[in-house]
Amino acid sequence: MRQWLHGLRFSNFLIITLGAFIFAFGIIHFNLQNGLAHGGFTGLSLIIYYLLSIPPSVSNLVLNVPLFIIGYKLLGRKVFIYSLYGTVMVSVALSFFENYWHADVFLQNDMILVSLFAGVFAGSGLGIIFRAGGTTGGADIIARLAEKYLGTGIGSAMFFFDAFVITFSLVHLTLPQAMYTLVAVFVAARVIDFIIEGANAAKSAMIISNHTDSISDAIIQRMRRGSTVLTGKGSFTKDERNVLYCVVNRNQLIQLKSIISDVDPYAFVSVHDVKEVAGEGFTYDPE
């Protein structure tokens, strides 16, 4: 048992619990109360509730547990444990908001607001769970199975499954409700991306100049940032010259551009988005 739990972090279980309750709050108070569905197995759980009055907390477990039994080898030990815990906690949280703590958030007269908040809560909860190393099972396991046995990409499989669920929701939902559900799913996907990637997002700059040494020294002195010198060759002049590559936090980009302009106002600078950065100066703590 100790070997099975080796490498797992208690803090990750707490984070997954928080994410599960945020996710469940949005599903109950925005999706369910206002007649929307959702993507994945949560969406199927909502449709089952609309058709058969079976609580989503129950159907979520019934749908997911067999998939975990089938697909546990595909997930790996850590992801399997975190994901199984996350799925159980989502059902616990759904049950809590269904039976013990219930707020009225009926906003059928403003469904745009409903779909936006449904997406924000679902995306925030799932993003937190994903950052802690877990999933909520369902479509993720199906996508992994499709990749292994059908050769389908994970992203494509999840997209088609969500599209199927939203289309299937038309057995109960009206077309406008299904369209608002699609808006909520889209917002949730963007929020998930922001939580997973946005926290460590940065900017990178490629600097082509005859004064790369001076620019590099100024970056070190004024920004306490390092940079990497690459060797390049101009396609027109055929001259070899140094190219400076530097990654900074988003709020440091203006300062970087100012330094470059001060040293060499004629430098060629190309700035790019960096979705995630790790290492010294960003996530590595020398202490």
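The model is predicted: local features need pLDDT of at least 70, side-chain atom pairs count only at pLDDT 80 or more, and totals for chains, interfaces and linings use all residues. Residues are numbered from 1 along each chain as its sequence is written, and side-chain values use heavy atoms, with hydrogens and water left out.

The chain holds 10 helices and 4 strands. These elements are DSSP runs numbered from the N terminus (helices H or I, at least four residues; strands E, at least two). Their order from the N terminus is α-α-α-α-α-α-α-α-β-α-β-β-α-β. Among contacts (heavy atoms within 4.5 Å) between residues at least 6 apart in sequence, 76% join residues at least 24 apart.

Helix α1 (residues 10-32) packs against helix α4 (residues 77-99) at an angle of about 40 degrees, and their axes are 8 Å apart. Axes are lines fitted to C-alpha atoms, for helices over the stretch in contact; angles run from 0 to 180 degrees between N-to-C directions. The two helices are therefore oblique to each other (under 35 degrees is roughly parallel, over 145 roughly antiparallel, 65 to 115 roughly perpendicular, the rest oblique). The α1 residues in this contact include Phe13, Phe21 and Ile28; those of α4 include Tyr82, Met89 and Phe97. The contact residues comprise 18 nonpolar, 4 polar and 1 charged. Here Ala, Val, Leu, Ile, Met, Phe, Trp, Tyr, Cys and Pro count as nonpolar, Asp, Glu, Lys and Arg as charged, and the others, Gly among them, as polar.

Helix α1 also meets helix α2 (residues 40-52), with axes that come within 12 Å and cross at roughly 40 degrees. That makes α1 oblique to α2. Phe23, Ile27, Asn31 and Leu32 in α1 contact Thr42, Leu46, Tyr49 and Tyr50 in α2. This set divides into 6 nonpolar, 2 polar and no charged residues.

Valine 274 lies in strand β4 (residues 268-274). Valine 274 is buried, at a relative accessible area of 16%. Leaving aside residues up to four places away in sequence, valine 274 touches Ala201, Ala202, Lys203 and Ser204. Valine 274 and lysine 203 are 71 residues apart in sequence, yet 5.3 Å apart in space, C-alpha to C-alpha.

Technical notes: Buried < 20%, exposed > 50% of the residue type's maximum accessible area, 1.4 Å probe, protein only.
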